[in-house]
Structures are given as structure tokens and as C-alpha cells.
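I opened this entry to look up ring pairs and ligand contacts. The notes follow in the order I took them.

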Amino acid sequence: MTIREIISQATRQLEDAGIPSARLDAEVLLAFCLNCDRLELIKNPERMLDDAERKSFHEFITRRLGWEPVAYITGRKAFWSFTLEVNSNVLIPRPDTEVIVEEALDVFRTHPVDQPCILDIGTGSGAIALALAAEIPGAQITATDISDAALKVAKENALALGLDHSITFLHGDLFSPVHGTFDLIVSNPPYIGADEYEILPAGVKDFEPRQALFAGKTGLEFYENLVYQAKNYLKEKGWLLLEIGYARTMRDY
Ligand SMILES: C[S@@+](CC[C@H](N)C(=O)[O-])C[C@H]1O[C@@H](n2cnc3c(N)ncnc32)[C@H](O)[C@@H]1O
């Protein structure tokens, strides 16, 4: 089979299973399988696949047909200006979360602080902390998570990106492992309510870590605890930036 044929076939299979972005997924998985980028596929549509390539692509598509997210299959996800390693112990970083990074950079553009102290609570893959470390040289960044397995991924990402000296990783619940005060506290906390479980897409509810997703019955538990305690860890004129779910409003709060 050629690249063109196998992509068409896989796209049809994924579409039939109701998977959105079927063609994109097929292309990303084939590029991963052939260790090239998607542009190479487009440039060489008539290239034949050998048996080993076909077999490994078939395995990837079978996993995707079971709704496993593409990022867990490839073990990587683009975020900000780099590619992060991910596995099923961490939430797959979302493009929406880059807004937190942009807002944080804006805070320090409009209110400059020399070598700011920054705390990222619930760092997961390290996405926010790493982007801030890359963008604000000299920043003293602390990143925490309640999941040891997630912290392992974050530390590996920091090492791979050469940012391990810029971030202190701490294990624990909310502020419990943290000492000192910060110019900025950021968090993309779990914010899904237990009653929303059923309406989550299969790729999320069956694969992403529950600890990264759910916050009590309403989804607001984490904010309540975090906002209440944050004042003890903020410097005077410090900032608290939180991602919040689209379905959440201050009325809920
Ligand atoms: C929605 S994920 C965000 C991950 C990452 N910051 C991102 O934006 O991709 C929430 C993270 O908070 C962590 N977490 C959940 N409860 C926590 C708690 N009580 N204290 C610290 N971290 C917690 C989870 O393990 C998970 O890694």
C-alpha cells in the first residue's frame, strides 16, 4: 500500500468510528510511525510501506479506534514553543492553557519584577512552568503536583528542555509542600464536576488521569481551597492566575 492509500483507508475507519479529526489523526500517526513529519507524507504520496511499517501503523490505528488520544499513542504533545513528553499519568496539555502563559507574561511586562518567584500548582507535564521558565530567564519557579507519577514526567521534560535548573519540583497537596511567598501563582486545576463524567468524550474519561480532571461534585472544590489559601503565599501585589472551565462562572462560585 502507498502512503496515499493507507491514509485514506485509516481516515475512513476513524470516521466510521465517529472520531473527529480523522484524517489529521491518521496523518499524525503515520508520520510518527515513519519517523517523519506530515509534510513528508504529502510530498511522497506514492511511497510504498513495508510490512513492518504497515503492522506498526495498524497497531496505532487500532488503539485510536479505541479512542486512545493521539498524544498518548505518540507519547508527545506540542505546547507553547516545544514538544513535551506525555503519558497517561498526565493531562495532555491543551492549547487553551497557553492563554495562562500569555497572561503571566503580560503581568510581568506591565508590572516588571526582577527574577520573579512563580508557583505552578498542579503542574502535570510541567507545561505552564516550563513555558514560563523558557520565557522568563532568571525566574525562580516552583512546580507542585499531588501525583508523583506526573512530577516524574514534568522533571523529565525539564531535563530534556535544559530547564531543570530553573524549576524546583515539589510533591504534595495544594500548598502543603510550599514555603515562602510568590509574585505569581498559576494553576490549571482539575475543574470537572463528578456529575459531568458521563458527558465527557471517551478519549478524556477513559484515558486521562481522574486526579487531573475532577474536583468534587461541582468542579469548584479546587478553586475554593486554592483561592482561600493563596493569600498566605502571595507577595504584596502578587498575582493569582487560574484557568477555569468554560461552563463555570463567578455565579457558580
Ligand atoms: C488539569 S491538570 C493540569 C496539568 C498542567 N498544569 C496543564 O495545564 O497541562 C491538573 C493537575 O493538578 C494535579 N492535582 C490534582 N489535585 C491536586 C492537589 N490537591 N494538589 C496538587 N496538585 C493536584 C493533578 O495531578 C494534575 O496534574
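I call a residue buried under 20% relative accessible area, exposed over 50% and partly exposed in between (1.4 Å probe, protein chains only). The model is predicted, so I need pLDDT of at least 70 for local features and 80 or more for side-chain atom pairs, while totals for chains, interfaces and linings use all residues. Numbering runs from 1 along each chain as its sequence is written, and side-chain values use heavy atoms, without hydrogens and water.

Ring pairs. I pair rings of Phe, Tyr and Trp (its six-membered ring) with centres within 6.5 Å; planes under 30 degrees apart are stacked, over 60 edge-to-face, the rest tilted. I get three aromatic pairs. In one, Phe-32 and Phe-60 have ring centres 5.5 Å apart and planes at 45°, so I log the pair as tilted. Phe-32 is partly exposed at 24%; Phe-60 is buried at 13%.

I also looked up Tyr-197 and Phe-214. Their ring centres are 5.9 Å apart and their planes are at 45°, so this pair is tilted. Phe-214 is buried, at 17% relative accessibility. Tyr-197 is partly exposed, at 24%.

For polar contacts I take N or O pairs within 3.5 Å. A polar side-chain atom of Asp-173 is 2.7 Å from a ligand nitrogen. A backbone N or O atom of Gly-122 lies 2.8 Å from a nitrogen of the ligand.

Conventions. A polar contact is a pair of N or O atoms within 3.5 Å; within protein, one must be able to donate a hydrogen and the other to accept it, and residues adjacent in sequence count only if both atoms are side-chain atoms.
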